[in-house]
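Here's a quick briefing to read alongside the structure.

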Amino acid sequence: MTGAAAHRAGGGAAGHGTGLPADVSRILVLGASRSGSAAAAGVRALGLDVVLSDRKEASAIPGLEQLIATGVEFRTEERLASDWPDVQLVIKSPGVPNQAWMVGAARDRGLPVWSEIELAYALLPNPFDAVTGTNGKTTTTALLGHLFESAGRPVRVLGNIGTAVTSVVGSAAPDEELVVEVSSFQLEDVHSFRPAAGVFLNLTPDHLDRHGSMEGYLACKATLFARQGPGDVAVLNLADPAVAALGRGLREKPQGPRVSFFAVSPDTEWHGARPDSWVEAGWLVLEHERLLPADGLRIPGRHNLENALAAAAAALGRGVPRAAVAEGLRTFRGVPHRLEPVDTVAGVLYVNDSKATNVDATLTALRAYPEGTHLILGGRDKASDYRPVARACARGCRGVYLIGEATPLVADAFAQVRGEEGMASVPQPMECDDLETAVRTAASRARSGETVLLAPACASFDQYSGFEERG
């Protein structure tokens, strides 16, 4: 007897890798996305009854037939309203907000609501290393996984980066390190989750349509460290005031984790705290010792110096030798959809930064390609202010091409900025509706030596299943 069944026989409460609470025999999974379907499959494989629900009809959900064949029951959200199942636990996919009526109905019934990552933590005994932040977390997660590989340590790279964590229940060896990219959505309903290493890269406006305020957004991110203690490591960006303040609080917490601050500049300071890792005189300095010349990195940009310092500090905190960290930093090539050069056609470089789903990420992309740029913007709005992008486009953009639902909002932001003093050089955006039209239009106007850059500052769900398909 293993997993949840063995744990129920023992009568204990849910904990790291011990399984589900003893009284849980049937669960409801809200949302049949990648994470929700993986959660349903993982729990069903342990012998529990599972009801999976989604707003879509069954015929519109890829892979649902295979899940039903294993014994998973499917109910539409509409049916849930009149036929709520007898369950003891509710698992919430990241795409399902706390404001959804089904979540409220579960809480009204006194049912525990868990995120998919909380479920994975209950079922998997492996060490978790979690990376969060508004921007850079995909690159940092992939890089941290690569550093473990460079040391010959068994590792899985999971989470928001593309593979649901619960998909490895039953297949991950207990000694495998689980490096997990976690979004604020995944951290909304965690209760026991305690990563051995937690990394917080930055906090800029994003997902305010869901969290309501920056305070609410930060509160979700901060749960990453809420249960860390001695033996754990918290890696935080000292150059970001909100993140630095959280780290300072962790340092003052009795029985808290070891806090490691990073910042590109060695002169960064926050209320007496100084960085433990930084860049100085052309060198990456890791935990106060020189590690690697900065030009030894294959990923360009100041933001990637931050990502490298964060991943390196987390790896070192998890026992990866310094030599393996240096080797991993030298050999890492980056990730798809993040400032990814796709091709050069007739002298024009095409760059895929579909992962730039918020304003700050787009500004980072424009800093990487500041001149001769043809920028493709738009998609589904996330309550963002696009005026900073318009102002940045005054410094070297040759053209701006708008796609998707946010087109009127972005166009209005550009019009406002063009009316500001000194902003006459802001390009007049061209409304292209879809990405194919935008690329063709940009290609017809771009000249040799220029760049066509997809960095949309918006979510993709108005026209695509995700940023990967858009990219």
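Strand E17 (residues 373-378) and strand E20 pair in the parallel sense, with four bridges between them. Strands here are DSSP runs of type E with at least two residues, helices are runs of type H or I with at least four residues, and both are numbered from the N terminus. Two strands count as paired if DSSP finds at least two bridges between them. This is a predicted model, where local features need pLDDT of at least 70 and side-chain atom pairs count only at pLDDT 80 or more, while totals for chains, interfaces and linings use all residues. Residues are numbered from 1 along each chain as its sequence is written, and side-chain values use heavy atoms, leaving out hydrogens and water.

**Around strand E20**
- Threonine 373 stands opposite threonine 451 in E20.
- E20 also pairs with strand E16 (residues 348-352), again in the parallel sense and over four bridges.
- In that strand E20, leucine 453 is the bridge partner of valine 351.
- In a regular strand, side chains alternate between the two faces of the sheet.
- In E20 (residues 451-454), Thr451 and Leu453 point one way, Val452 and Leu454 point the other way, and all are buried (buried means under 20% relative accessible area, exposed over 50%, and partly exposed in between, using a 1.4 Å probe and protein chains only).

**Helix H13**
- Helix H13 (residues 359-368) is largely enclosed by the rest of the structure, because seven of its ten residues are buried.
- The buried residues of H13 include Val359, Leu363 and Leu366.
- What do the buried residues of H13 pack against? They pack against helix H11 (302-317), E17, helix H14 (387-393), strand E18 (397-403) and E20.

**The open sheet**
- Six strands make an open sheet with parallel pairing, in the order E7-E8-E6-E9-E10-E11.
- Strand E7 (155-159) and strand E11 (258-262) are the edge strands, each pairing on one side only.
- On average, neighbouring strands of this sheet are turned by 15° against each other, direction ignored.
- Strands E6 (residues 128-132) and E8 (residues 177-181) run parallel, joined by four bridges.
- Valine 131 has glutamate 181 in E8 as its bridge partner.

**Serine 183**
- Look for serine 183 in the loop between E8 and strand E9 (197-200).
- Buried or exposed, where does serine 183 fall? Its relative accessible area is 8%, so serine 183 is buried.
- Leaving aside neighbours within four places in sequence, serine 183 is in contact with Thr132, Lys137, Asn160 and Lys221 (contact means heavy atoms within 4.5 Å).

**Two helices crossing**
- The axes of helix H7 (residues 137-150) and helix H12 (residues 322-331) come within 8 Å and cross at roughly 125° (axes are lines fitted to C-alpha atoms, for helices over the stretch in contact, with angles from 0 to 180 degrees between N-to-C directions).
- That makes H7 oblique to H12 (under 35 degrees is roughly parallel, over 145 roughly antiparallel, 65 to 115 roughly perpendicular, and the rest oblique).
- Leu143, His146, Leu147 and Ser150 in H7 meet residues of H12, among them Ala324, Val325 and Leu329.

**Arginine 75**
- Arginine 75 sits in strand E3 (residues 73-76), and counts as buried at 7% relative accessibility.
- Not counting residues up to four places away in sequence, arginine 75 touches several residues, including Arg26, Asp54 and Trp84.
- Arginine 75 and phenylalanine 200 are 125 residues apart in sequence and 37 Å apart in space, C-alpha to C-alpha.
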